[in-house]
Amino acid sequence: MDWGMRNRLSKIIRPETGRTVMLAVDHGYFLGPTTGLEEPGKTVAPLLPYADTLMLTRGVLRACVDPRMNVPVVLRVSGGTSILGNLADEGTTVSMKDSLRLNVAGVALSVFVGSQLEKQTLLALANIVNEAEEFGVPVLAVTAVGKDMVRDSRYLGLACRIAAELGAHVVKTYYCDDFESVVKNCPVPIVIAGGKKIPEREAIELSYNAVSRGAAGVDMGRNIFQSEHPVSMIRTVREVVHNNMKPDKAWDLFNALAREEGKKAHKKDKTAVA
Ligand code: R5P
């Protein structure tokens with residue numbers, strides 16, 4: 001592996017712990033104005049100090065994120081469909097040249113194993129890997145997005161392994177029962193998506209279960225930015241991911257941070273009214 005590739009990978013997965021907290025805010029590329037991301041710049045700004053990596057689209061990056069920020073970007077480079085159409089019918093949306101111009105640490109695209117369009121999306125992954133290898137850019141393959149897939153270890157194991165075999169450097173998937181077997185059968189690091197918003201306590205447990213069973217971290221979106229206390233949530237998830245904080249302790253931490261976050265927001269509101 002060349003220097004550039006290793007350097008970029010170390011910006012995505014922190015070498016100190018071998019783990020990462022990726023903040024995913026790319027949902028709009030097929031969901032449009034997702035709850036919590038109506039104004040992505042405002043959502044993201046207070047979370048950035050606690051994110052190892054920011055995952056988003058070219059449009060939101062350019063329009064809403066301060067280029068002086070210091071968080072490595074994993075750019076979503078697939079899309080072309082919406083929640084109203086056939087999600088699997090994606091194509092590549094950003095050239096490698098533009099990704100490099102945006103100084104990315106990595107690029108991400110979805111694969112839809114088991115869909116009628118699996119070949120199209122898997123070959124798109126292989127093509128992006130071919131191009132990305134040329135420039136030392138890691139590729140994150142996103143598996144199992146959509147409603148049709150049974151997210152069990154058999155399916156997720158299949159999708160992750162195929163993505164890794166085609167050259168993905170990191171794979172994103174969902175947590176499931178027997179997650180260890182998904183990790184064991186995938187030769188590259190796995191990060192988990194959080195999925196739909198669930199109570200904070202459950203999202204903390206999900207993160208803990210995933211990393212303690214072999215995930216290299218999370219690529220989490222809605223369970224952070226849709227929380228009533230998003231900064232507290234990402235700070236807590238960081239402790240779980242990087243310091244193996246157990247769920248009970250992490251839940252106490254979250255509540256303590258949330259109280260502070262609540263007070264600050266209240267103070268800000270009062271100042272705005274005065
Ligand atoms: C889906 O295709 C996107 O890549 C999302 O970024 C991903 O699902 C992670 O976000 P969440 O934790 O909200 O599921």
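Analyst: Start inside. This is a predicted model. Its largest nonpolar core has 94 residues. Seven names stand out, as they touch the most other members: Leu 23, Val 25, Leu 54, Val 107, Leu 125, Val 139 and Leu 140.

Take Val 25 from that group. Leaving aside residues up to four places away in sequence, Val 25 touches Leu 37, Val 44, Leu 54, Met 55, Leu 56 and Phe 225. One of these partners, Leu 54, is itself among the residues that touch the most other core members.

Next, the cysteines. The whole structure has 0 disulfides. Cys 160 is in none, and the nearest cysteine sulfur, that of Cys 186, is 5.2 Å away. Cys 160 is buried, at 0% relative accessible area. Cys 186 is buried too, at 7%.

Leu 31, Ile 83 and Leu 84 make a nonpolar patch of about 310 Å². Within it, Ile 83 sits in the loop between β4 (78–79) and β5 (91–92). Ile 83 is partly exposed, with a relative accessible area of 42%.

Leu 123 is another partly exposed residue, at 46%. Leu 123 belongs to helix α6 (residues 118–135). From Leu 123 to Tyr 50 the C-alpha distance is 34 Å, and 73 residues separate them in sequence.

The structure holds 15 salt bridges. One of them joins Lys 42 and Glu 39, at 3.3 Å from N to O. Lys 42 is exposed, at 62% relative accessibility, while Glu 39 is partly exposed, at 46%.

A second salt bridge pairs Glu 180 with Arg 213, at 3.5 Å from N to O. This one links distant parts of the chain, 33 residues apart. Glu 180 is in helix α8 (residues 179–184), and Arg 213 is in the loop between α9 (200–212) and β10 (217–220). Glu 180 is partly exposed, at 39%. Arg 213 is partly exposed as well, at 32%.

Glu 260 and Lys 263 form another, their closest N and O atoms 3.5 Å apart. Both lie in helix α12 (residues 247–273), 3 residues apart, or about one turn of the helix. Glu 260 is partly exposed, at 42%, whereas Lys 263 is exposed, at 55%. Elsewhere, salt bridges with shared partners join Arg 58, Arg 62, Asp 98 and Arg 101 into one network.

Note on methods:
Residues numbered from 1 in each chain as written. Predicted model: local features only at pLDDT ≥ 70, side-chain atom pairs only at ≥ 80, totals over all residues. Heavy atoms only, no water. Disulfide = S-S within 2.5 Å. Buried < 20%, exposed > 50% of the residue type's maximum accessible area, 1.4 Å probe, protein only. Patch = residues over 30% accessible without salt bridge, like charges linked within 9 Å, V, L, I, M, F, W, Y side chains within 5 Å. Areas by Shrake-Rupley, 256 points an atom, 1.4 Å probe, with all protein chains shown as cover. Salt bridge = Lys/Arg side-chain N within 4 Å of Asp/Glu carboxyl O. Helix = DSSP H or I, 4+ residues; strand = E, 2+ residues; numbered from the N terminus. Core = buried A, V, L, I, M, F, W, Y, C linked by side-chain atoms within 4.5 Å. Contact = heavy atoms within 4.5 Å.
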